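Student: Please take a close look at the aromatic side chains of this model. I would like the ring pairs and the charges over rings, with cut-offs.

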Amino acid sequence: MKEQIESIRREIEQWLGQAGADPALKREGLFAYKMEHLGKTGKISALSKGMRDVAPEERPEVGKLLSDLRRWAEENFDSLEQELKKRELEKKYSSERLDVTMPARFAGTGSIHPVTLVKNELIDIFSGMGFDVFEGPEIERDYYNFQALNIPADHPARDMQDTFFVTKEFLLRSQTSSGQIRVMENRKPPIKVLSPGRVYRSDSDATHSPMFHQMEGLVVDKNVTLNDLKGMLDEFARRMFSSETKTRLRPSYFPFTEPSVEVDLSCSACGGKGCRICKGTGWIEVLGAGMVNRRVLENCGIDPDEYTGFAFGIGLERIAMIKYGIGDIRLLFEGDVRFLKQFGNGGRV
Ligand code: PHE
C-alpha cells in the first residue's frame, strides 16, 4: 500500500513536471487528469477503498500517507489550474492588444458639396444684411405649400409645379415659399428671413432634378418697395459673382406676389456679350421674386395697408451651375468623387 501511494505520487509529480510545462496544456486536459486520480472512480479513491485490507496497526500511518497524498495532489492541481487561467488571459490580452500610437491609415478628406457651398455663401451674404434662417418641413401641408400662398385647390396655377402628393393633405413641398407662411404666422414685422431647403417636383432632365434646393428670402416691414428688392439683389449678384454683375427684372407671374418678376443676371462667363452658357443673350435667369401679395399677408394676419413685403426664391443648383460652369444638373447628385473633389475648400472640412 505504501509503495502504491508513493508510486502514484511520483507519477503525478512527473506529469506535473511535463504536462504542466507544456504551453499547449488546456484546463480541460488538467481536469481530465485530475479526475483520473481524485474522481469518484479515480486511483486515489480506489486506494481509500483498499484501506479495509490494511492491517489495523498500520492503518493510522497509511491513512495519514493517503490523506497527505490527496491534499498534496489537490493543492498541486489547483495551483496549476490558476497558472493555466493566467496563461489563457495573458494570451487573450496580448492577442487583443491595440497600439494606440500607431499612425492611422489616411482615408482621404471629403470636400464640401457645391450646393452646400452656394447655400453657405448665400447665408453669409444675406445674414450680413440682417436676415436670419428658418427651416420648414420637407413634407408639407397643402395649405402651406399652396392655399395660403393664394393657390387654391384646383387652381390652374398649380400646374406650374408638378407635385408629389403623399396624401390628399400632405405633399413633398414644391417650393420653399411655404416657409414664408410659417414665418409670418409666428412673427410680427419687421421680418427678414431666409428659408433654405430641399424641394421636389416631378421633373427630370439635364437642367431639372426631381429633388433640388431653393433659398427663400422674405422681407416684411413698413414702406418696403420693389426698389429695395432690386437693391438687395444687386448686392447679392455682386457678392456672389463679380462687381461687374448686373441684374434685370422682367415681368412675370406668381400667385403669391404682385407684381411678380423674373430676375436675370448678366452672364459672368462672357460679361454680357453673349455665349454658349447664356445662349447668346448675355443674361441668365436665376430667380423668381415679387412684392408679397396682399392676400398672402392677410392669410397670415398681417395688415397689408400697414405693411408691405417682398419675397424671392433662388434655385441653388442653378447658381452652382452658373458659378462653377456645370453643364448637367445630374452631376450634382451622382456622388462621383472625381467630380465632387474639385470643390470645397481644397479638402478642408
Ligand atoms: N416659389 C417660386 C418658385 O419656386 C419662386 C418665388 C419665390 C417667386 C418667392 C416669388 C417669390 O418658382
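Tutor: What follows covers the ring pairs, then the charges over rings. The model is predicted: local features need pLDDT of at least 70, side-chain atom pairs count only at pLDDT 80 or more, and totals for chains, interfaces and linings use all residues. Residues are numbered from 1 along each chain as its sequence is written, and side-chain values use heavy atoms, leaving out hydrogens and water.

Rings of Phe, Tyr and Trp (its six-membered ring) pair if their centres lie within 6.5 Å; planes under 30 degrees apart are stacked, over 60 edge-to-face, the rest tilted. That rule gives nine aromatic pairs. One of them joins Tyr-33 and Phe-77: centres 6.0 Å apart, planes at 85°, so edge-to-face. Tyr-33 belongs to helix α2 (residues 27–38) and Phe-77 to helix α4 (residues 59–95), so the pair ties together parts 44 residues apart in sequence. Helices here are DSSP runs (H or I, at least four residues), numbered from the N terminus. Tyr-33 is buried, at 7% relative accessible area. Phe-77 is buried too, at 1%. Buried means under 20% relative accessible area (1.4 Å probe, protein chains only).

Phe-126 and Phe-236 are stacked, because their ring centres lie 5.9 Å apart with planes at 25°. Phe-126 is in helix α5 (residues 114–127) and Phe-236 in helix α8 (residues 226–240), so this pair ties together parts 110 residues apart in sequence. Both Phe-126 and Phe-236 are buried. Ring pairs also link Phe-126, Phe-131, Phe-236 and Phe-312 into a cluster.

Now the charges. A charge sits over a ring if NZ of Lys or CZ of Arg is within 6 Å of the ring centre and within 35 degrees of the ring normal. Arg-9 lies over the face of Trp-72, 5.6 Å from the ring centre. The charged end of Arg-182 sits over the Tyr-144 ring, 4.1 Å from its centre.

Conventions: Helices (H or I, at least four residues) and strands (E, at least two) are DSSP runs, numbered from the N terminus. Buried means under 20% relative accessible area, exposed over 50%, partly exposed in between (1.4 Å probe, protein chains only).
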